[in-house]
Amino acid sequence: MEFSREKIRQIRHLMILAAVLVLAIIYSEKVFQGLAFLLGIASPFLVGGIMAFVLNIPMKAFEEKMLRRWSGKSAEKMKRPLCLVFSIIAVMLVITVVIGTVVPQVVSTATEVGKKIPAFTDNVLEKLDRLVKDYPELAEQIEQLEKMEINWDSVLGNIIGFLKNGAGDMLNSTVSVASGIISGIVNVVISFIFALYILAQKERLGDQGRRILTAYLPEAVGRKALEICSLLYRNFSSFITGQCLEAVILGTMFVVSMTVFRMPYALMVGVLIAFTALIPIVGAFIGCGVGAFLILIDNPLQALWFVILFLVLQQVEGNLIYPKVVGNSVGLPAIWVLMAVSLGGSLFGVSGMLFFIPLTSSCYALLKESVNRRNAGKRLLAMPKAEPQGQAKARKEKASREKSAGKKGRS
């Protein structure tokens, strides 16, 4: 049996692919180490791409709505830098409002807690003395503990050894933490500069990407890849917009409800919950913990009522507002939104929650399109083929002549 050149080429490619997969399985540990090394090198650029994607949403809104009437070459040259500056200022303003609202209140509460600690300690000691007087057995146990002989030399030696080892570990930890902070700052600066370059020439980069796909992929595959990329972009941008809108709605609900019930720290808790609610479904629980702690310092009973209020509003938000707002923004039914959050959180934590909703929405849209196309094709095959009008008329005339001839034969 002879094979064509095309068949031989396909077999050769399959053999090379199988050999590569076998080698990757055998040296999987080194492969993963190499991937981790490459990911570490590329991480500033990946973070820069994420920054550019997030900043592009307000920048695009400024370009299309705020400065849409600007025309001319000079105006077009100034529009992009101005919108980029406006978007950076908007993001920094949101972060400043959150920090300026939450941090001073947390600091003042911590100071108040520090002032209340001595009174709390005196109260605990007083209760312990009363407990010892009421239960003499405890006093006997304490006396027996005082009579126990303790090898103070051994204890002192252990303390000195711990301090020696701890000093070295502390020095190493300090050096590693300092180097990590410096490295993190450098990576953030590189990522930010990379994001600015992407936003400054995003049309050119998009055109280059399309040309690369059309150059190295078949026409149908390249067109489908561009459709998938466009779908992913729409879903991710709609998800970020819907998530921010949902966070604002939830924070407003807490500010209004806490003000109505005269609970303290209404504005601060509302802003904090709105900020942490950017993490899907479970992010608001972080704000609930901080808010409950702050209210607990002033009034423990109000802290209990705050937790009850949070659970009620969280149920309303999680079952009604979130699936409707975020689900509608990405075109995903409510049940699939909840499933995507649960699955993404179980696999990849917070980042999985953020990425799985638009990713699931894109897969849902592609699957829906494929299912509708296949069902439409099957319905067309199942339908009887329509005869041409002339053939149908001739067939009916022939059937009538045969029928009349049969009647004459019987007569």
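Six salt bridges are found in this predicted model. One of them joins Glu203 to Arg80, with the closest N and O atoms 2.7 Å apart. Because Glu203 belongs to helix α6 and Arg80 to helix α3, this pair ties together parts that are 123 residues apart in sequence. The two partners can also be described by their accessibility: Glu203 counts as partly exposed, at 45% relative accessibility, whereas Arg80, at 16%, counts as buried, the cut-off for buried being under 20%.

Another salt bridge is formed by Lys224 and Glu369, whose closest N and O atoms are 3.8 Å apart. This pair, too, links distant parts of the chain, since Lys224 lies in helix α7 and Glu369 in helix α11, 145 residues apart. Lys224 is partly exposed, with a relative accessible area of 33%, and Glu369 also counts as partly exposed, at 37%. Glu369 meets a further partner, Arg373, in a salt bridge with an N to O distance of 3.9 Å; these two residues both lie in helix α11, four residues apart, which is about one turn of the helix. Through shared partners, salt bridges join Lys224, Glu227, Glu369 and Arg373 into one network.

The largest pocket has a volume of about 1500 Å³, and among the 38 residues that line it, Val54, Val91, Ile240, Cys244 and Leu278 are the closest to its centre. Which helix gives the largest share of this lining? Helix α7 does, with eleven residues, while α2, α3, α8 and α11 are among the helices that each supply at least two. By class, the lining has 32 nonpolar and six polar residues, but no charged ones. Val91, one of the residues closest to the centre, is found in helix α3 and counts as partly exposed, at 31% relative accessibility.

The second largest pocket, with a volume of about 940 Å³, is lined by 23 residues, and Phe53, Lys202, Gly206, Cys229 and Tyr233 lie nearest its centre. Here the largest share of the lining, eight residues, comes from α2, and the residues divide into 14 nonpolar, five polar and four charged.

The chain averages a pLDDT of 77, and 76% of the residues score at least 70. Where pLDDT is low, the predicted coordinates should not be read in detail.

Notes
Residues numbered from 1 in each chain as written. Predicted model: local features only at pLDDT ≥ 70, side-chain atom pairs only at ≥ 80, totals over all residues. Heavy atoms only, no water. 1 Å grid on protein atoms, 1.4 Å probe; cavity = no way out; pocket = protein on both sides within 12 Å on 5 of 7 lines; lining within 4 Å. Points joined across faces, edges and corners; volume = space filled by probe spheres on them. Nonpolar A, V, L, I, M, F, W, Y, C, P; charged D, E, K, R; others polar. pLDDT = per-residue confidence, 0-100. Buried < 20%, exposed > 50% of the residue type's maximum accessible area, 1.4 Å probe, protein only. Salt bridge = Lys/Arg side-chain N within 4 Å of Asp/Glu carboxyl O.
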